[in-house]
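Here's a quick briefing to keep open next to the viewer. Load the model, and let's walk through it topic by topic.

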Amino acid sequence: MAARRWHRVGSALFRVIVVWAVSTLTMLVLAGILPDFKLESDNGDSATTVAITAGWGAGAFGLLSALVWPLVVRALLLVPALVLGLLVFFLNGSLLLVALSLIPNGRGASNPETAVVVAAVMSAVASATSTSLAVRDDEAYRRRLSRLASRRRRRQGEGMSRGGPHGMVFLQLDGVGHAALLRAVEDGLMPTLAGWIGSTHRLDAWRTDWSSQTGASQLGILHGSNHDVPAFRWYEKDTGDVMVCNRPASAAELQRRAVEHSGDAGLLMVDGASRGNLFSGGADELALVLSVAARRDRRHRSRAGYFAYFSDPANAVRTAMSFFAEVGREMGQSTRARARQEQPRIKRGGLYPFIRAFATVVERDVVVTAVIGDMFAGRTAVYADLVAYDEVAHHSGPRSRDAAKVLARLDRSLAMIAKVEEHAPRPYRIVLLSDHGQSPGQTFEGAYGLTLKDLVRAGCGLPVPRRAQRTESGSEARAAVRVALHRPVPADGEPSPEPGSDPVVLASGNLGLISFPDAPGRMTREQLDRRHPALLPTLANHPGIGFLLMGSAEHGSVVLGAGGVEVPVVELTDGEGPLAPFGPGAADAVRRTDAFPHVADIMVNSMYDPGTGAVHAFEGQIGSHGGLGGEQSAPFLLSPLALSAPVPEGGDLVGAEQVHRVLRRWLAEDQGPQVPLGPATDGAPSGESA
């Protein structure tokens, strides 16, 4: 035992010496290259003196990084994430200047700009050296993981032994549909998952609700209810508010409503952790969770999840360098797409390169590190969202080479998490799932030259931009208004709008929502025909629109399609009428949304081409989700074979709420029943098998 302990001490000391030596050599090289970075006096020094000076500087910088950096990062938790990423370089440069001031006889000197460069290079080299030594010494790596697990076991007691109950890690690959996953596996992009499917895991598809987007799906998965979430953004007449799922205040309110409706505190309420999600799932351990982002207390501070990662200066520098490399990669890919005249294509300038880099680098690194920490801590249930693919697919397309490269990098992250599971203090079952897929296609504006809002305003006889007036759709809409009002159609000019008649038009992927704020309650078709007689024919007959849903005084609610087709909602069937192209489950999805209190006056779903899988997003996305049509409605669920099947053979897994009940059942299979907040009101009781 004593011999092994001394061997470990010797190995650790060896690694410290090697990293110090490499850092010293790096400092010497940089001093020879950079004119504003000096390690000798003005009169010159011998090579030995310069080397000793470099050793002093490298040692002082390494020691300061280890001692001071964690305190600095903790002090900066209130700084926005993007700003923190930029500050990493400058803070590291400041530490280097302090280190140089500690060199005897004042031989080290640098200006601030050069210090930033030197510090970044030294941190990257030290990190690479340390990682290389750890990889080469596999036993040392395994011992380190084992020590972390042992410490946790000692804190938790014998119940946390490796042979105890399994923990569960739920990893959400945001926006990766079932078909997209199969293509990636077949193309060799995801070898880790290819090794799981059929051997240790089963792959199933599930069907989303009409609102195929993260807000609705994740709320249902984590809290057991997504009732009254008609879209990603919608207008609520009773409050006058626009709810947006990725706004902290809206996310907090949606979570409150879900808990109230389902009586379920959340999937993660028993020793759980929520990482990178819109909602907490009832977890006590939170990092990058939007629904608590507005809270000011330290325990729930959204940015607290950055500390564990950025407290390591090497991690901070590596992520910052990868961040800017990703910014450059996006600029290059965007330029290449323009040069090749790729279609469909949207603008990708402004802040988008930085937003993409945050999603594909910073968020991924922080969330993966948090999950690894949760596994070492032996937590019972962890749910994490990796958003990289979804962000890139929106702007580059779900079947693009850019998106494919993101999937390959995500696969490497999954391999790392799977490797860590071998060393965790308890065994884990890893479940992969997605919240929705993405459907490709040109934007509605790109295809027809005007936005949905332009078309609605034209159909209402309201002023529209001249660019919209010149399009075929805009001209037809203006003519329809004149005919409906029995007025001649002039070459120019628009009818005057009625007072207070401006509609609120919102887009959620290829799902549009139209509300009239001045009309109390949900407007009926009969009311709209009297008020804006040209609007519904203009929308229903447009080639870019698949169908409309709205209330009706005569039929309760109706679905409208092209050519005057009108079907009462109670009579909807899959494969017939306006819903014919949209596949199984479309009728039930529309009926469910129709019953929501905050359903819009008019719900608009874009067209869908079954041959190409294309839809038209009503916002600036060439890969979209949010409505019905194609791969966006078919996410995946990849679960260990050791768990029971999600549904009986031949059955369908439909809706996020049913996925929640399946995940709860799996937790109960290893952990026993989870304790609900109160009685559930929307199906099987929380904590019981579904």
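Predicted model: local features only at pLDDT ≥ 70, side-chain atom pairs only at ≥ 80, totals over all residues.

Residues are numbered from 1 along each chain as its sequence is written, and side-chain values use heavy atoms, with hydrogens and water left out.

**The sheet**

- Six strands make up an open, antiparallel sheet, ordered β12-β13-β17-β14-β15-β16. Strands here are DSSP runs of E with at least two residues, helices are runs of H or I with at least four, and both are numbered from the N terminus; two strands pair if DSSP finds at least two bridges between them.
- The edges belong to β12 (504-508) and β16 (566-568); each has a single partner strand, so one side of each lacks a neighbour in the sheet.
- On average, neighbouring strands are turned by 20° against each other, direction ignored. Axes are lines fitted to C-alpha atoms (for helices, over the stretch in contact), and angles run from 0 to 180 degrees between N-to-C directions.

**Two hairpins in a row**

- β14 (residues 545-552) and β15 (residues 556-560) pair in the antiparallel sense over five bridges, and they form a hairpin with three residues between them.
- Across that pairing, Leu549 stands opposite Val559, and Leu548 has Leu560 as its bridge partner.
- β15 is mostly covered, as four of its five residues are buried. Buried means under 20% relative accessible area, exposed over 50%, and partly exposed in between (1.4 Å probe, protein chains only).

**Helices on the sheet**

- Helix α16 (residues 452-459) lies across β12, β13 (511-515) and β14, and runs at about 150° to β12.
- Helix α21 (residues 586-594) packs on the sheet too, touching β14, β15 and β17 (602-606), with its direction at about 40° to that of β14. Contact means heavy atoms within 4.5 Å.
- Which residues of α21 are buried? They are Ala586, Ala587, Ala589, Val590, Thr593 and Asp594.
- Seen down the axis of α21, those buried residues fall within an arc of 165°, so they line one face of the helix; the arc is that of the directions from the helix axis to the C-beta atoms. They pack against β14, β15 and β17.

**Nonpolar cores**

- The largest nonpolar core has 62 residues, of which Phe170, Trp210, Tyr383 and Val590 touch the most other members. A core here is a set of buried Ala, Val, Leu, Ile, Met, Phe, Trp, Tyr and Cys residues joined through side-chain atoms within 4.5 Å.
- Helix α22 (residues 656-671) gives the most to this core, with six residues.
- Leaving aside neighbours within four places in sequence, Trp210 has contacts including Phe547, Leu549, Ala589, Val590 and Met603.
- Another core, of 46 residues, lies apart from the largest one; among its members are Val169, Phe376, Ala384 and Leu432.

**Aromatic pairs**

- The whole structure holds eight aromatic pairs. Rings of Phe, Tyr and Trp (its six-membered ring) pair if their centres lie within 6.5 Å; planes under 30 degrees apart count as stacked, over 60 as edge-to-face and the rest as tilted.
- Phe323 and Phe324 pair edge-to-face, at 5.2 Å centre to centre and 85° between the planes. Phe323 is buried at 7% relative accessibility, while Phe324 is partly exposed at 32%.
- Phe582 and Tyr608 make a tilted pair, at 6.0 Å and 35°. Phe582 lies in the loop between β16 and α21 and Tyr608 in strand β18 (residues 608-609), so the pair ties together parts 26 residues apart in sequence.

**A buried glycine**

- Gly441 sits in the loop between β11 (439-440) and α15 (444-448). Is Gly441 buried or exposed? Gly441 is buried, with a relative accessible area of 11%.
- Not counting residues up to four places away in sequence, Gly441 touches Pro344, Ala614, Val615, Gln621 and Ile622.
- The C-alpha atoms of Gly441 and Asp609 are separated by 9.6 Å, though the two are 168 residues apart along the chain.
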